[in-house]
Amino acid sequence: MAGVMEDIRKDYAGTLSGYLIQADEEARLHAHELGRKALTGGIGVLDIVTLHHEALASLGEAASLPLDRAAEFLAESLSPFEMSLRGYREANAMLSTANTSLQQAQAATEAVNRELEAFSYSVAHDLRAPLRSIDGFSLALLEDCADLLDEAGRQHLRFVREAAQDMAALIDGLLSLSRVTRSELRRETVDLAELARNILAQLRRAAPGRNVETVIADDLFAEGDARLLRGLLENLLGNAWKFTGRQAAARIEVGMTHAGRERAYFVRDNGAGFDMAYAAKLFGAFQRLHSPSEFEGTGIGLATVQRIVHRHGGRVWAKSEIGRGATFFFTLWSTGHGA
Amino acid sequence: MELRADLFRDKRILLVEDNPRDEALTLRALQKHNLQSAVAVTRDGVEALDYLLPAADHAVQPLPQLVLLDLKLPKLDGLEVLRRLREHERTRLLPVVILTSSAEERDILESYRLGTSSYVRKPVDFAEFTEAVRYLGLYWLILNIAPPAQ
Ligand SMILES: Nc1ncnc2c1ncn2[C@@H]1O[C@H](COP(=O)(O)OP(=O)(O)O)[C@@H](O)[C@H]1O
Ligand SMILES: [Mg+2]
């Protein structure tokens with residue numbers, strides 16, 4: 001900056017003295033150019049004014065100089081500042097308009113969110129109640145009127161009950177999906193390895209007969225919302241657990257690798273796998289690549305996973321081959337992805 | 001452990017439930033464990049408060065041993081009923097179990113904040129529901145020692 005100042009100082013005095021003798025267009029343009037240089041060089045208006053007075057003083061007695069012409073020159077050299085100020089004012093005005101509409105949009109979003117919340121709340125309560133009746137009275141029929149029904153009739157009732165329970169599971173899935181969007185995102189340091197160990201211990205308790213080797217890397221720390229990240233791992237590990245159900249020696253691995261410059265966490269299993277041709281469908285709500293007779297489920301888990309990852313500004317993807325297991329990768333706070 | 005009717009001859013449950021089908025199912029579950037005769041039913045929040053906190057000129061019922069309280073009720077909802085029960089000397093310590101469809105975090109939190117004794121989500125599967133009712137009866141009518149009458 002000091003260098004720019006020196007250049008301008010010399011140039012200014014020279015051009016000004018020329019201008020005082022003859023006020024030509026070329027000198028005027030040069031004054032403007034000097035102002036522009038000062039502006040981009042980070043030199044302020046006051047510096048220019050000081051510089052102007054120094055130059056005038058070096059040119060002789062004030063009384064002998066055409067001061068109105070000198071003032072013209074100064075105004076010319078300050079014009080870039082004025083223009084930039086005008087631009088700044090205009091930008092500011094535009095920004096404040098944009099801010100107002102942003103605030104309006106935010107208020108609208110909040111209203112929609114509140115509505116969504118009220119909606120999911122009544123879904124929770126109101127849709128489950130009739131399902132309980134469907135299930136309960138079907139069972140009552142099976143118990144009280146068993147002799148009035150033949151085996152086909154009893155089978156129909158069992159299907160009615162199954163359907164009611166499936167629907168209850170779907171409603172719960174939708175609710176947990178909407179909870180991901182509704183809940184506020186907290187940011188804290190989360191030990192993913194510890195979470196994974198917890199979740200796997202829970203899965204083990206629920207199915208003590210299963211033989212599953214688990215390998216969890218050390219030092220899997222991440223920044224994010226602990227509750228949501230738990231939900232994410234619950235779904236990925238739940239899937240790994242489920243889709244290795246037919247494996248005599250199941251293996252589940254949780255670790256970290258690099259995808260380009262980013263850290264990518266992964267959950268790998270040696271289970272049923274899936275056909276990569278349908279990989280794009282995987283993360284859609286209710287999308288499944290296996291039939292309920294092979295593996296039970298609602299198809300809401302990976303949709304939940306994707307929402308959680310997106311809320312953490314990350315990406316999620318999978319690699320698999322039928323019969324050879326699957327690996328699910330995710331990043332958090334990737335560059336170029338907003339939260 | 002079996003639940004036998006003579007174990008709770010004087011003990012009663014107050015069920016606060018507006019949905020007649022849910023009421024029938026809950027009674028059926030209670031009946032399976034011989035608890036049906038011990039149940040009184042009120043169908044909204046106002047009725048429940050009238051039962052538990054009768055006005056001065058009304059007959060006073062003995063307090064039940066346990067209140068099974070639904071959250072979503074006509075007129076006064078379950079949370080409001082709970083709040084008022086906790087405000088009154090007579091019902092401040094009364095065991096109240098919230099029995100509801102909702103597993104919303106804010107419902108659970110608010111219920112505990114207002115002083116519920118327990119919070120149970122009604123399972124859709126009736127076999128599980130019956131099991132839950134059995135546990136509730138066992139625990140609150142037999143195992144649990146109620147606060148002494150004051
Ligand atoms: N670890 C895995 N191995 C093989 N297939 C998987 C795995 N995880 C997910 N999938 C496939 O993706 C589908 C969607 O998964 P998800 O949304 O969790 O639903 P659900 O577990 O209820 O079936 C599954 O039905 C399955 O076809
Ligand atoms: Mg799943």
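This is a predicted model: local features need pLDDT of at least 70, side-chain atom pairs count only at pLDDT 80 or more; totals for chains, interfaces and linings use all residues.
Biologist: Happy to. At what angle do the axes of helix α1 and helix α2 of chain A cross?

Modeller: In chain A, the axes of α1 (residues 2–21) and α2 (residues 25–40) cross at roughly 160 degrees, coming within 10 Å. The two helices α1(A) and α2(A) are therefore roughly antiparallel. Their crossing is left-handed.

Biologist: Which residues make the contact of α1(A) with α2(A)?

Modeller: From α1(A) come A:Val4, A:Ile8, A:Asp11, A:Tyr12, A:Thr15 and A:Tyr19, and from α2(A) come A:Ala27, A:Arg28, A:His30, A:Leu34, A:Lys37 and A:Ala38. Sorted by class, that contact has 7 nonpolar, 2 polar and 3 charged residues. A:Tyr12 and A:Tyr19 also belong, with A:Phe73, to a cluster linked by ring pairs.

Biologist: Now chain B, please. Is the crossing of α1(B) and α5(B) left-handed or right-handed?

Modeller: Right-handed. Helix α1 (residues 20–32) and helix α5 (residues 126–143) of chain B have axes that come within 9 Å and cross at roughly 60 degrees, and α1(B) and α5(B) are therefore oblique to each other. On the α1(B) side the contact uses B:Leu25, B:Thr26, B:Arg28, B:Ala29, B:Leu30 and B:Lys32; on the α5(B) side, B:Phe126, B:Phe129, B:Thr130 and B:Val133. These residues divide into 6 nonpolar, 2 polar and 2 charged.

Biologist: On to the rings. How many aromatic pairs are there over all chains?

Modeller: The search of the whole structure finds 10. To read one, look at the angle between the planes: under 30 degrees counts as stacked, over 60 as edge-to-face and the rest as tilted. For A:Phe243 and A:Phe295 the planes are at 55 degrees and the centres 4.8 Å apart, so this pair is tilted.

Biologist: Where do A:Phe243 and A:Phe295 lie?

Modeller: A:Phe243 is in helix α7 (residues 226–243) of chain A, while A:Phe295 is in the loop between β5 (262–269) and α8 (301–311), so the pair ties together parts 52 residues apart in sequence. A:Phe243 is buried at 16% relative accessible area, and A:Phe295 is buried at 6%.

Biologist: And what kind of aromatic pair do A:Phe283 and A:Phe328 form?

Modeller: An edge-to-face one, with 80 degrees between the planes and 6.3 Å centre to centre. A:Phe283 lies in the loop between β5 and α8 of chain A and A:Phe328 in strand β7 (residues 326–330), so parts 45 residues apart in sequence are tied together by the pair. Both A:Phe283 and A:Phe328 are buried.

Technical notes. Residues are numbered from 1 along each chain as its sequence is written. Chains are lettered from A and ligands numbered from 1 in the order in which they are written. Side-chain values use heavy atoms; hydrogens and water are left out. Axes are lines fitted to C-alpha atoms, for helices over the stretch in contact, and angles run from 0 to 180 degrees between N-to-C directions. Helices (H or I, at least four residues) and strands (E, at least two) are DSSP runs, numbered from the N terminus. Angles under 35 degrees count as roughly parallel, over 145 as roughly antiparallel, 65 to 115 as roughly perpendicular and the rest as oblique. A crossing is left-handed if the near helix is turned anticlockwise from the far one by less than a right angle, and right-handed if clockwise. Contact means heavy atoms within 4.5 Å. Ala, Val, Leu, Ile, Met, Phe, Trp, Tyr, Cys and Pro count as nonpolar, Asp, Glu, Lys and Arg as charged, and the others, Gly among them, as polar. Rings of Phe, Tyr and Trp (its six-membered ring) pair if their centres lie within 6.5 Å; planes under 30 degrees apart count as stacked, over 60 as edge-to-face and the rest as tilted. Buried means under 20% relative accessible area, exposed over 50%, partly exposed in between (1.4 Å probe, protein chains only).
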